[in-house]
Amino acid sequence: MESLGLLGHSLASAKEFNAPKRSDLTMANKNGKKIIILGAGIAGMAAAYELGKAGYNCKILEARDRTGGRNWTVRQGTTETEINGVKQTSKFDKGQYMNAGPARIPQHHVTLDYCRELGVELEVFANSNEFSYYYQENAGPLSNQKIRKGTVKSDTRGYVSELLAKVADKTSLDSPLTKDDIEKLTAYLKREGDLSTDYTYKGSSRRGYKELPGGGHQPGTIDQPYSFSELLQSGMMNNISGDYSFQQQPMMFQPVGGMDQIPKALEKQLPGIITFGAEVQEIRQTANGVRIVYKTKADGKTKEITGDYCICTIPLPVLKNISADFTEPMKNAIRSINYAKTGKIGFQFKNRFWEQDDRILGGITTTNMDISQIWYPSYGYLSQKGVLIGYYNFGQNAVDYGDLSLSQRQARALNQGAKIHPQYSKEFENSFSVAWHKIKYNEGGWAEYSASDLKSYYPILNEPQGRVHLAGEHLSYLTGWMAGAFESARIVVSRIHEDVLKEGKVPSKVG
């Protein structure tokens, strides 16, 4: 969606929200309307939190025995059973964890505002680390070599600057640029690419050293740059632009102790409001409200709950199989949206060899192998043990890994990762893998809208069905981000509050 230019940002919308106020409700109706919320993920709990401030009576039905939805931190003892019945229990040591879902927060996202308000302590997430690697297979002369990202970027910047500096001397630039402009441009390119006096790239200290400088008579030795042709054939240059994305900033954040500190902080604000183990069976409209039929996992009994409004945050792949009083266009829209196929595996190692041997502290290694990415933990630096993400893959790669048994996923990811880090076999202790399209109550990573989906279905999904409103990351232009869930919840909260005021049951405001 970013490549299509379909994603906006939340700077404006994060500031426009006016939370409903308790003073809007009359003394006669001091508890407000009853709102039934389906799902105790970020969107569901954020909606209950904001409505609760204004005195609304909120009830949340959550199918799981935990809050957070896709905001899920796997720790020691975490148990999960996939849709096909495959069960695993985490054997991570106490204090070790992996964020199976969201793992980083950009600085401009409204998520940070909620962290501040809820008292969630943050630390830096190293989203970009020039000391992590590119590793490509079957990609020219640089194949099967782990090369520092900073080295590739420096060589690329040097050669591209050299080309532009040479073009700047051509008469074709005489029209748009004056002679003075060209001189300033070439001066900039010389600095940008660290070019020699004849405007050619011959390598520099920016790309790193063959032998590091140090004390005494150790000035350091700069290695020879890779050729431009080698870089082009490797395809590594194609990954650099990811660092320029507005959502993928080098400086990002994570909660101290795991991403689930955010849902835990929200849950703390909602005592007695969440019913766990409640699987929604039906979503019905009544003459003046809603009726939700659900089954309790503890005893298998079917129960009902009624309310004035419903906020449904159930992911669309799950919602499409729940009987609901929706219009045919809405049902069709729900069925039509694809969700990302994505997976992760966390590896616990005896020693943090990536720090000790490779000098990589945080960041992400990128490869064209089917593991796609290796994430190094941005917490517990220089301690003994650690959990890194052995793969974070997408699309068919995620499907292929998800189709393997747990032991096969582990073995394949260890084998692939060992091509970059041969220490894997010696240091490995245990793993936990997640195939999101096989996780019950999610059945996918996040909504993936095409341009035609945004035109045909997105507007329908964002419109209420009577007194039922949908919310979640899939009801935003920030799909896959917690900010999308927060912002969609705010929109629905505002709409419901406006409807309540319009009903004429609030004759005056009480201070």
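In this predicted model, the count comes to 23 aromatic pairs, where rings of Phe, Tyr and Trp (its six-membered ring) pair if their centres lie within 6.5 Å. A pair of aromatic rings is described by the distance of the centres and the angle of the planes. Planes under 30 degrees apart count as stacked, over 60 as edge-to-face and the rest as tilted. Residues are numbered from 1 along each chain as its sequence is written. Local features need pLDDT of at least 70, side-chain atom pairs count only at pLDDT 80 or more, totals for chains, interfaces and linings use all residues, and side-chain values use heavy atoms, with hydrogens and water left out.

Take W72 and W436: these two form an edge-to-face pair, at 5.8 Å centre to centre and 80 degrees between the planes. W72 lies in the loop between β2 (57-62) and β3 (73-74), and W436 in the loop between β22 (428-435) and β23 (447-448), so the pair ties together parts that are 364 residues apart in sequence. Helices (H or I, at least four residues) and strands (E, at least two) are DSSP runs, numbered from the N terminus. Both W72 and W436 are buried (under 20% relative accessible area with a 1.4 Å probe, protein chains only).

F347 and Y424 also make an edge-to-face pair, with 5.8 Å between centres and 80 degrees between the planes. Here F347 sits in strand β18 (residues 342-349) and Y424 in helix α13 (residues 424-427), so this pair ties together parts 77 residues apart in sequence. F347 and Y424 are both buried. Ring pairs also link F347 and Y424 into a cluster with F349, F353, W354, Y376 and F428.

The charged end of R75 sits over the ring of Y97, 5.4 Å from its centre, and that of K344 sits over the ring of W375, 5.1 Å from the centre. For this, NZ of Lys or CZ of Arg has to be within 6 Å of the ring centre and within 35 degrees of the ring normal.

W72 turns up again in the second largest pocket: 18 residues line this pocket, and D65, R66, W72, T79 and E80 lie nearest its centre. A pocket is an open set of points on a 1 Å grid, where a 1.4 Å probe fits, with protein on both sides within 12 Å along at least five of seven lines; lining residues have an atom within 4 Å of a point. β4 gives the most to the lining, with three residues. By class, the lining has three nonpolar, six polar and nine charged residues, with Asp, Glu, Lys and Arg counted as charged, Ala, Val, Leu, Ile, Met, Phe, Trp, Tyr, Cys and Pro as nonpolar, and the others as polar.

Definitions and conventions. Buried means under 20% relative accessible area, exposed over 50%, partly exposed in between (1.4 Å probe, protein chains only).
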